[in-house]
Amino acid sequence: MAALTLRGVRELLKRVNFATVPRRHRYKKKWAATEPKFPAVRLALQNFDMTYSVQFGDLWPSIRVSLLSEQKYGALVNNFAAWDHVSAKLEQLSAKDFVNEAISHWELQSEGGQSAAPSPASWACSPNLRCFTFDRGDISRFPPARPGSLGVMDYYLMDAASLLPVLALGLQPGDIVLDLCAAPGGKTLALLQTGCCRNLAANDLSTSRIARLQKILHSYVPEEIRDGNQVRVTSWDGRKWGELEGDTYDRVLVDVPCTTDRHSLHEEENNIFKRSRKKERQILPVLQVQLLAAGLLATKPGGHVVYSTCSLSHLQNEYVVQGAIELLANQYSIQVQVEDLTHFRRLFMDTFCFFSSCQVGELVIPNLMANFGPMYFCKMRRLT
C-alpha cells in the first residue's frame, strides 16, 4: 500500500504544472533571512587570521590580542597654543614627550661615543614636534582636549605611531610640502606644527573626509595661517598629481587608503571588509601603487617622499613600495632610492614595538605593553 501511494505521488508530481499555481501559494526561499549574516568586523578577523598567521608566524597571537584590545593614544601638543603651558600640564599627568626625550637620549649617546650616528640627511627628523605618551604598560587616558587661552585647542589626540611618518619626512624650513591623502587631518596638522612649510597642499578625494580635515584645521590652526597662502586644501584625484603638479614639491607624504586594520576589527561603519566592498578591497594595492607613483612624480629631483599605511599587510606595504619604484623606472626612467630608517627603530624602541623582519621601511606592530599602530612607513628619495 505504501509503495502504491508513493508511486501515485510521483505520478501526480509529474502531471502538476507549477506555473499555474497562484503566486500567493508559491514558496520562495528567503535567502537574506535564512543565511547567516557575518558582520564586517568578523570577516576582517577571519581574513587577518588567514593571512597574518602566515606573515607573522608565532608573533600573530600577541599582535591579534593587541589589535582587539583598547588602543593607546598620544597627545600632540599644539604649537599654535601656549605650548609650554600645555606641555607642563601633560607632564603633571606623568606623561612624557617621547619625541624630544628620544632625540635627547640619542644625542647624549652619540656624544659619548656609545652609538654610531647616521648621516645627517637620513637622520633629520621633522623639528618642533612634541607628543606626550604614557609609559609602556600604563593604560591611563588623556582627558579630552579643550580650547586654550589663544582660542585654539591645546593638543590633538592621535595614535602616537601616526607621528612617525611625519618625523621621518625630515622637513626643513621653507619646504614646499604635499599631503596627498590628507584627511582626516592628524598628519596634516602635525606637518603644520613643524613650522617648516612655506606652502602646504592638503588633498583628499573624499569631500566628506575633507570636511573633517577642515574642522581640525579650524579648531587647531589660527585663521591667518589657515586662510592665508600657507595652506591649500583640495579634493582632486591624487593619482593624477604627477600630471597636475609634477616636479614641484620638496617633501611629499603619501598616507594611502588601506584596510585600516584596527578600525576594521572594531567598527562596522565604513568597514572595507563589508561584502559589498570586496572588489574595492582587492584592488587596494593597485590604487596604492598609483598614489605613491603620483607622489614621487610630484616631488622635485632630490626631494623626499614618505609612504605610510595603518595596515600590517606586506601586500599594501613593502610590495607597493617596490611596485611604485619599478613603475617609475620602467615608464618614466626615474630612479628612486629607499632611505635607511633603522635608526628610527633604535631611536623610538622605548615607546613602540617594531617588527624586526620588515624588508623595506619600518613597521610598528601592536603590543599590549605599547598598544600603538599598526603603522608602516618608508622614506624614499627621488634621484632623477
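Good morning. I begin with helix 15 (residues 284-298) and helix 16 (residues 318-332), whose axes come within 9 Å and cross at roughly 55°. Axes here are lines fitted to C-alpha atoms, for helices over the stretch in contact, and angles run from 0 to 180 degrees between N-to-C directions. Helices (H or I, at least four residues) and strands (E, at least two) are DSSP runs, numbered from the N terminus. This is a predicted model, in which local features need pLDDT of at least 70 and side-chain atom pairs count only at pLDDT 80 or more, while totals for chains, interfaces and linings use all residues. Residues are numbered from 1 along each chain as its sequence is written, and side-chain values use heavy atoms, with hydrogens and water left out.

Helix 15 and helix 16 are therefore oblique to each other; angles under 35 degrees count as roughly parallel, over 145 as roughly antiparallel, 65 to 115 as roughly perpendicular and the rest as oblique.

I turn to the interior. A nonpolar core is a set of buried Ala, Val, Leu, Ile, Met, Phe, Trp, Tyr and Cys residues joined through side-chain atoms within 4.5 Å; buried means under 20% relative accessible area, exposed over 50%, partly exposed in between (1.4 Å probe, protein chains only). The largest such core has 63 residues, and those touching the most other members include Leu-167, Phe-344 and Phe-348. A second, separate core of 51 residues includes Val-289, Leu-296, Tyr-307 and Leu-312.

Finally, the backbone. Most residues other than glycine have a negative phi, and most peptide bonds are trans. The bond from Ala-183 to Pro-184 is cis, with omega near 5°, and Pro-184 lies in the loop between strand 5 (175-179) and helix 9. The bond from Gly-373 to Pro-374 is also cis, with omega near 10°.

Asn-128, although not a glycine, has a positive phi of about 70°. Asn-128 sits in the loop between helix 7 (120-123) and strand 3 (131-133) and is partly exposed, at 42% relative accessible area. Thank you.
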